[in-house]
Amino acid sequence: VSFGDAFIQGDKTRRKALRDLAKTVIYAINYGAGAAKILDSIQSNAKYDGPPVRLDIVQRIIATIFKVFPKVGTWREQQLVVAEREGEVRSALHGRRRIYPLGEVDATIAWNFPIQSTAADLVNDSLISFYRDLPTVDPSAFVIAQVHDAIYVECDEHRAQDVARLLEKRMTHTISLVEGAPAMRFEATAKIDKNWGKL
């Protein structure tokens, strides 16, 4: 999403704030929210510390998303067709299903479920692979928790760099999620700290 000079000439903090704003809008439209609802959600969030936002800015971000990525709209339409025809939608990797037993298709779920469940498939596969290899770099290490796409590991301080490298390696993938689509790189970054709450 282009923010023009505000992004190009902004410092690192400003650019991150604008990226976070665009990400918020992308997530919201996948849940079926419109521009007014997205704006209300941002403005009512006490933790929001990004740039001031108006309705026209949110509308411009949405329009840019569908202009730059025109296949997003096509994919959303196809998901509704599949949901209506088959009474279900699935994740792209393992075919995890969300069924509509009563036949009433919720567009929000038809769009969002395949995204969220495919992300979960990817993270779960990565976590299994990481868990199997973890003893080879630190036999004392163990996984504390998985929170969405974050994996928290406790390990020997002297082996933290090795554990971080393994985690990045196992969590990074280049994969095509849709038949015929170019492969996309999903890159992971590990952070090390003595207090996992600060990560």
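1. F66, K67 and V68 of helix α4 meet P70, V72, G73 and R76 of helix α5. Contact here means heavy atoms within 4.5 Å. Helices are DSSP runs (H or I, at least four residues), numbered from the N terminus. By class, this contact has four nonpolar, one polar and two charged residues. Ala, Val, Leu, Ile, Met, Phe, Trp, Tyr, Cys and Pro count as nonpolar, Asp, Glu, Lys and Arg as charged, and the others, Gly among them, as polar.

2. The model is a predicted one, in which local features need pLDDT of at least 70, side-chain atom pairs count only at pLDDT 80 or more, and totals for chains, interfaces and linings use all residues. Residues are numbered from 1 along each chain as its sequence is written, and side-chain values use heavy atoms, with hydrogens and water left out.

3. Two packed helices are described by the angle between their axes and the distance between the axes. For α4 and α5 (residues 70-86), the axes come within 3 Å and cross at roughly 85°. That makes α4 roughly perpendicular to α5, a label used for angles of 65 to 115 degrees (under 35 is roughly parallel, over 145 roughly antiparallel, the rest oblique). The axes are lines fitted to C-alpha atoms, for helices over the stretch in contact, and angles run from 0 to 180 degrees between N-to-C directions.

4. Which residues touch the most other members of the largest nonpolar core? They are V25, I29, I38, V53, V58, I61 and I62, out of 15 residues in that core. A nonpolar core is a set of buried Ala, Val, Leu, Ile, Met, Phe, Trp, Tyr and Cys residues joined through side-chain atoms within 4.5 Å. Buried means under 20% relative accessible area, exposed over 50%, and partly exposed in between (1.4 Å probe, protein chains only). Helices α2 (12-30), α3 (35-43) and α4 (55-68) each supply at least two residues of this core. The largest share, five residues, comes from α4.

5. Not counting residues up to four places away in sequence, I29 touches I38, I62, I65, F66, R76 and W111. A second, separate core has 11 residues, including V123, L127, F130 and A141.

6. N112 lies in helix α6 and counts as buried, at 10% relative accessibility. Leaving aside its neighbours within four places in sequence, N112 is in contact with N30 and Y31.

7. Side chains of opposite charge can pair when their charged atoms come close. A salt bridge is a side-chain nitrogen of Lys or Arg within 4 Å of a carboxyl oxygen of Asp or Glu. A search of the whole structure finds 10 salt bridges. E88, R90 and R97 are linked in a network of them.

8. D133 forms a salt bridge with R170, and the closest N and O atoms are 2.7 Å apart. D133 lies in helix α6 (residues 107-137) and R170 in helix α7 (residues 160-171), so the pair ties together parts that are 37 residues apart in sequence. D133 is partly exposed, at 22% relative accessible area, and R170 is partly exposed, at 22%.

9. D162 and R165 form a salt bridge at 2.4 Å, N to O. Both residues lie in helix α7, three residues apart, about one turn of the helix. D162 is partly exposed at 33% relative accessibility, and R165 is partly exposed at 48%.

10. E86 pairs with R85 in a salt bridge, with the closest N and O atoms 3.1 Å apart. E86 is partly exposed, at 44% relative accessible area, whereas R85 counts as exposed, at 57%.
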